[in-house]
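Today I'm looking up salt bridges. My notes follow below.

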Amino acid sequence: MKIDASRLQTSMEEMARIGATAGGGVHRLTLSDSDKDARDLFASWVKSAGLSLSVDEMGNMFARREGSDDLATPVMVGSHFDSVPNGGRFDGSLGVLAALEIVRTLNDREIATHRPIEIVNWTNEEGPRFPPSMLGSGVFAGAFERDFAYEVRDTDGMRFVDELERIGYRGKLPCQPRPLAGYLELHVEQGPALFTSGIQIGIVEGIRGLTWLRITMKGARDHAGPTPMHMRKDALVGAARAISAIRDIPGNLGSDLVTTVGEISVSPNAINVIPELVTFSVDFRHRDENILTRAHQAVVEVSGNAAKQEGLEIEVTPLGGSTPMAFDSGVIGAIEETCLDKGYSHRRLWSAAGHDARYAADLCPTAMIFAPSVNGKSHAEDELTLWEDVTRSCEILGGALVSLANQP
Ligand code: HGY
Ligand code: MN
Ligand code: MN
């Protein structure tokens, strides 16, 4: 499907100006003012494309293009506009704006599809502000209760529901499972597989599971000077030992497992006071649920040992996560066929990043398409996908989407 590459690039560049950072990335945290601005811009584009827009209780935005059979269950396609702190300008935006470009092209050519098409912008795909990630699609698929999501607070104590209300995107539409004929998501790979091998398209056949924990260690604050070393209960020393041991778990438990400690807070965080309280996050991922379970046990064990060694109290709080999921062979086939039609090089792979497609896959036949990330870089301001790869991957998304939307 030939799309208007410069129109897509213009839309991507305009969207990237919202929350733009000096380093060329975007800072668009969920339910922040820049998230609102991104939503407002998308809503204006949706309206000018003649689509009907609905917003549900979680702020998920659905832009609907009618099909020749309005009663047919729709095919859904999309991604997210929220970003990690100082993240990349392709992560999420590509999936929503490529879908919009396909609809704009269908409109230009007056091509009707049998089924309605719904473009979605999911709320809170990223998660750093309101953990866990993929909360909007998770509630939609029934993985989380809406009221659990509403009560999640950010580090300033702001509630999810109040921020959703504040930006004006707390819709009335119930956020719950409904019939879908299929779901497609285009996303940048965020890893090195395609770029290093020079392959143009990734056909994503599954998504790894991920677990997020918050670990708090409590010791005793005291004076950094007169307190003898043997009398200390230093929460930061306990956390440091745990963090270094968590880094070694993948080496012991087997390849492909990844563990990350991305956040840490120290109290009272003063140069001459022995740290009393330390809280840090743990993110670990694998495509095998048994390895994920063993990794969870190992994280709890090494952290417990580190706390004990320093005489600290420890608390491990689950923040949520998702199990591994293989995608639908029929949708994968539709993507593969489009790649063969277009003559683009392609390979199948699993996603190590979380995506809303994980929860869509609980409801309907789902698969994803990856575009190469230059040097595999992502969740960083220098995240980059070349415009020719943006165009190619959008064409593949278009071919697969039309084929799904025209299935009887
Ligand atoms: O964490 C993830 O993999 C996704 O970017 N939220
Ligand atoms: Mn993403
Ligand atoms: Mn991301």
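First I noted the exposure terms: buried means under 20% relative accessible area, exposed means over 50%, and partly exposed is in between (1.4 Å probe, protein chains only). The model is predicted, so to speak for the record: local features need pLDDT of at least 70, side-chain atom pairs count only at pLDDT 80 or more, and totals for chains, interfaces and linings use all residues. Residues are numbered from 1 along each chain as its sequence is written, chains are lettered from A and ligands numbered from 1 in the order in which they are written, and side-chain values use heavy atoms, with hydrogens and water left out.

Entry 1. I call it a salt bridge when a side-chain nitrogen of Lys or Arg is within 4 Å of a carboxyl oxygen of Asp or Glu. I got 27 salt bridges by this rule.

Entry 2. I looked up Arg348 and found its salt bridge with Glu205, at 3.5 Å between the closest N and O atoms. Arg348 sits in strand E13 (residues 346–351) and Glu205 in strand E6 (residues 201–207), so the pair ties together parts 143 residues apart in sequence. Strands (E, at least two residues) are DSSP runs, numbered from the N terminus. Arg348 is partly exposed at 36%, and Glu205 is partly exposed at 24%.

Entry 3. Next I checked Asp162, whose side chain meets that of Arg159 in a salt bridge (2.8 Å, N to O). Asp162 is partly exposed at 37%, and Arg159 is partly exposed at 24%.

Entry 4. Last, I found a network of salt bridges linking Asp33, Arg129, Asp154, Glu163 and Arg166.

Conventions. Helices (H or I, at least four residues) and strands (E, at least two) are DSSP runs, numbered from the N terminus.
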